[in-house]
Amino acid sequence: IEAADRRQGPADHIGLECGFMAVLTGRSLRALEKGESAAPFLKAQSRFLDEHLLTYSEQFSELLVKNSQSGLYQGIGGFLQGFLKADSRLLGELAGE
């Protein structure tokens, strides 16, 4: 995954990082469909989530809820942190960590 055009302003890091997680999810699914192990992709997801997204997502979520004028973005902020923590637990279990 790479930003389409870096001249348009700063990258949406959380969006790019969630996109990377989606790529790893897709690779996990393709491995399973082929009868192969998804463990390498699950471990990569778990590690990336813990070492990147979860290092700042709680503060990001709180600021999004606090500073957004849109109910949509406030809802996303409220949902995001709980989802990422649940995903971290599930990936840890699936990856055998």
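Let's start in helix H3, with Phe 79 and Phe 83. Both residues lie in that helix, four residues apart, which is about one turn. Keep in mind that this is a predicted model.

How do their rings sit? Phe 79 and Phe 83 form an aromatic pair of the stacked kind. The centres are 5.5 Å apart, with 25 degrees between the planes. That angle counts as stacked because it falls under 30 degrees.

Now accessibility. Phe 79 is exposed, at 55% relative accessible area. Phe 83 is partly exposed, at 41%.

How many aromatic pairs does a search of the whole structure find? Two. Phe 20 and Phe 48 form an aromatic pair too, and this one is edge-to-face. Centre to centre, I have 4.8 Å, and the planes make 65 degrees. The label follows because the angle is over 60.

What does the pair of Phe 20 and Phe 48 tie together? Phe 20 belongs to helix H1, residues 13-33, while Phe 48 belongs to helix H2, so the contact links parts 28 residues apart in sequence.

Is Phe 48 buried or exposed? Buried, with a relative accessible area of 15%. The cut-off here is under 20%. Phe 20 is partly exposed, at 31%.

Side chains of opposite charge can pair when their charged atoms come close. How many salt bridges does the count give? One. The side chains of Glu 51 and Arg 47 make a salt bridge, at 3.1 Å from N to O. It qualifies because the cut-off is 4 Å.

Where are the two residues? Both are in helix H2, residues 39-67, four residues apart, so about one helical turn separates Glu 51 from Arg 47.

On accessibility, Arg 47 is exposed, with 54% relative accessible area. Glu 51 is partly exposed, at 45%. The line between those classes is 50%.

Last item: the surface. Which residues make the nonpolar patch of about 300 Å²? Leu 72, Tyr 73 and Ile 76. Tyr 73 takes us back to helix H3, which covers residues 71-94. Tyr 73 is partly exposed, at 44% relative accessible area. That value lets Tyr 73 count towards a patch, because patch residues need over 30%.

To recap. Phe 20 and Phe 48 meet edge-to-face, joining helix H1 and helix H2. Glu 51 and Arg 47 form a salt bridge. Leu 72, Tyr 73 and Ile 76 make a nonpolar surface patch.

Terms used. Residues are numbered from 1 along each chain as its sequence is written. This is a predicted model: local features need pLDDT of at least 70, side-chain atom pairs count only at pLDDT 80 or more; totals for chains, interfaces and linings use all residues. Side-chain values use heavy atoms; hydrogens and water are left out. Helices (H or I, at least four residues) and strands (E, at least two) are DSSP runs, numbered from the N terminus. Buried means under 20% relative accessible area, exposed over 50%, partly exposed in between (1.4 Å probe, protein chains only). Patches are made of residues with over 30% relative accessible area and no salt bridge: like charges are joined within 9 Å, nonpolar side chains (Val, Leu, Ile, Met, Phe, Trp, Tyr) within 5 Å. Accessible areas come from the Shrake-Rupley method with a 1.4 Å probe; for residues, only the protein chains shown count as cover. Rings of Phe, Tyr and Trp (its six-membered ring) pair if their centres lie within 6.5 Å; planes under 30 degrees apart count as stacked, over 60 as edge-to-face and the rest as tilted.
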